[in-house]
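Biologist: I would like to go through the labels on this structure and hear the grounds for each.

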Amino acid sequence: MTDHALRLLRQDRRLTDLAAFPFGFDLDRAAHGHVEEVRLASGGPLETVAGDDTGGTYFVCADGSVLYADSEGTAGIIGSSVDEALELVIGLPGWRDYTHLSPEDGEEKILACVAETEDEISEYYGIDEERAELRAALGFPERSPVELVGRLRAALLRTEPDFVLLNADEGCAYDRLGPDGPPLWETVLAAGRADLARLREGDRTAWREVAEDPVRRRITLRAAQFDRAEGDLELLRHLLRHLLRHETRSSMTDELRLAAVLVGLHGDTGDLPLLLEVRETDFDTACGLGGVPEPGASADELRRWARELDASVFGTDPSDEPVSTWTDLARDQGMTELARVTLIRELDGIVMDQSRLRRPGAPHTLATAPLSGLARDFEELGDLPQALRAQRLYAALQETAWDRASARRTLARLERKAGRLPQAVDSLAAVREALATPGDDSLRHWRRINLGCFIAEEHYRLTLALADAGRPEEARALLTAADAVLGELSDNAAKGVRELAERTAARVREVG
């Protein structure tokens with residue numbers, strides 16, 4: 001659809017007023033913007049075109065889709081164009097009450113819900129004549145409420161992952177308006193399930209292509225994990241052999257161990273030499289596949305080993321898997337925005353409820369590793385604002401001097417990469433404070449190990465960034481601090497930093 005109707009509204013004051021009242025699409029409110037600064041998680045552009053009297057805002061996205069955001073932190077796509085969104089709000093003035101409805105609910109339920117809402121509206125002002133006038137002027141056909149509800153639901157389901165709205169200052173995501181989409185694992189496994197079906201059919205081209213493609217291997221194995229069949233042993237052996245050939249170079253992977261377990265569950269003792277070969281590739285793999293029965297073991301012993309490892313590490317319910325399993329596989333398949341949105345919502349959940357980090361059996365301590373993992377994931381995605389958000393919280397929750405210094409050093413690095421140089425300077429000042437007054441003995445060896453080297457290196461890199469940014473006084477001050485840190489390092493630890501230190505000093509002299 002085009003935005004022909006929007007142009008007509010802008011040209012005719014009578015139509016503009018009708019759209020604003022009683023249908024809540026007020027072009028004049030566009031000038032006021034939304035109740036807070038917002039942006040799309042994807043980084044795409046937003047144009048404000050209208051608002052309503054509840055504080056809600058209608059935005060147009062790059063592809064023409066209309067995103068509606070209310071004032072309470074909920075947002076969703078309601079049309080593929082402004083004209084389609086206008087047709088919805090005119091045809092269903094109570095549309096916000098219908099976001100839970102689906103065509104599967106049936107015509108009777110939908111019509112009853114619409115009738116109830118419009119009867120309530122009609123108690124205060126008319127809508128029927130106004131709707132007829134607007135439809136005629138804008139060239140909209142008369143569509144049934146059932147059809148419009150179906151269109152609304154289809155639009156809302158397109159919101160994620162490309163149109164997720166964020167608070168621009170805090171970085172948290174708006175809640176989803178309307179129905180949830182399929183779980184992440186379902187989308188991620190779709191290609192693997194298709195490949196698994198081809199392998200089971202005996203498609204030899206698929207056997208070769210899947211085995212040679214590392215991403216397809218991983219996803220097909222995950223599909224086999226949650227859809228197990230007696231006849232899969234030969235294809236599982238095939239995948240395990242290719243994993244042994246290709247993936248043991250990078251040591252133990254989850255998929256390598258999964259393939260070994262799935263093969264072992266079939267209890268064929270003829271597979272023991274293969275499993276033992278996998279186990280002996282390196283130390284990490286030997287640890288990950290510890291307990292593999294030795295040659296001469298029975299089928300029951302092999303199955304028992306596989307079942308125990310399966311129960312402790314894998315299982316048959318995809319919803320039990322850590323979210324990182326699915327975001328990693330989504331990224332591997334190029335589903336970058338899907339991974340990003342899932343990670344943002346995961347971080348939002350922790351920010352809103354830090355009790356999610358409590359250690360099982362030790363409720364007074366927090367396991368903060370998920371936050372540092374999120375920071376790494378966001379950095380790999382190139383989303384530095386979200387990486388900083390995760391790393392800031394991670395740094396704030398550290399208790400030992402070592403952990404505080406290490407976390408703040410990483411925070412400074414991310415702030416430097418994001419161009420937030422004054423904040424990075426403050427973070428490094430906090431690192432030096434932890435070194436000077438640790439409060440515990442966790443940093444007693446920092447001068448002789450890599451942590452000291454990394455801290456000195458970040459001081460010099462930030463000094464270079466300050467010099468390149470035309471901030472010579474700040475660069476000189478930080479260079480002094482960097483030299484002081486370097487001076488405390490052991491000769492061995494300082495060795496790898498001296499060249500950078502000399503280059504930084506020369507650059508500061510140059511800009512000075």
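Modeller: The model is predicted. Its open sheet has 5 strands in the order E2-E3-E4-E5-E7, with mixed pairing.

Biologist: What makes E2 and E7 edge strands?
Modeller: Strand E2 (46-51) and strand E7 (175-176) each have a single partner strand, so one side of each lacks a neighbour in the sheet.

Biologist: Why do strands E3 and E4 count as paired?
Modeller: Pairing requires at least two bridges. Strand E3 (residues 57-61) and strand E4 (residues 66-69) have 4 bridges, in the antiparallel sense, so they count as paired.

Biologist: Why is the contact of aspartate 128 with arginine 131 called a salt bridge?
Modeller: The N to O distance is 3.3 Å, and the cut-off is within 4 Å, so the contact qualifies. The two residues are 3 residues apart in helix H5 (residues 128-138), about one helical turn.

Biologist: How do you know whether aspartate 128 and arginine 131 are buried or exposed?
Modeller: Aspartate 128 has a relative accessible area of 54%; exposed means over 50%, so the label is exposed. Arginine 131 has 10%; buried means under 20%, so the label is buried.

Conventions: Residues are numbered from 1 along each chain as its sequence is written. This is a predicted model: local features need pLDDT of at least 70, side-chain atom pairs count only at pLDDT 80 or more; totals for chains, interfaces and linings use all residues. Side-chain values use heavy atoms; hydrogens and water are left out. A salt bridge is a side-chain nitrogen of Lys or Arg within 4 Å of a carboxyl oxygen of Asp or Glu. Buried means under 20% relative accessible area, exposed over 50%, partly exposed in between (1.4 Å probe, protein chains only).
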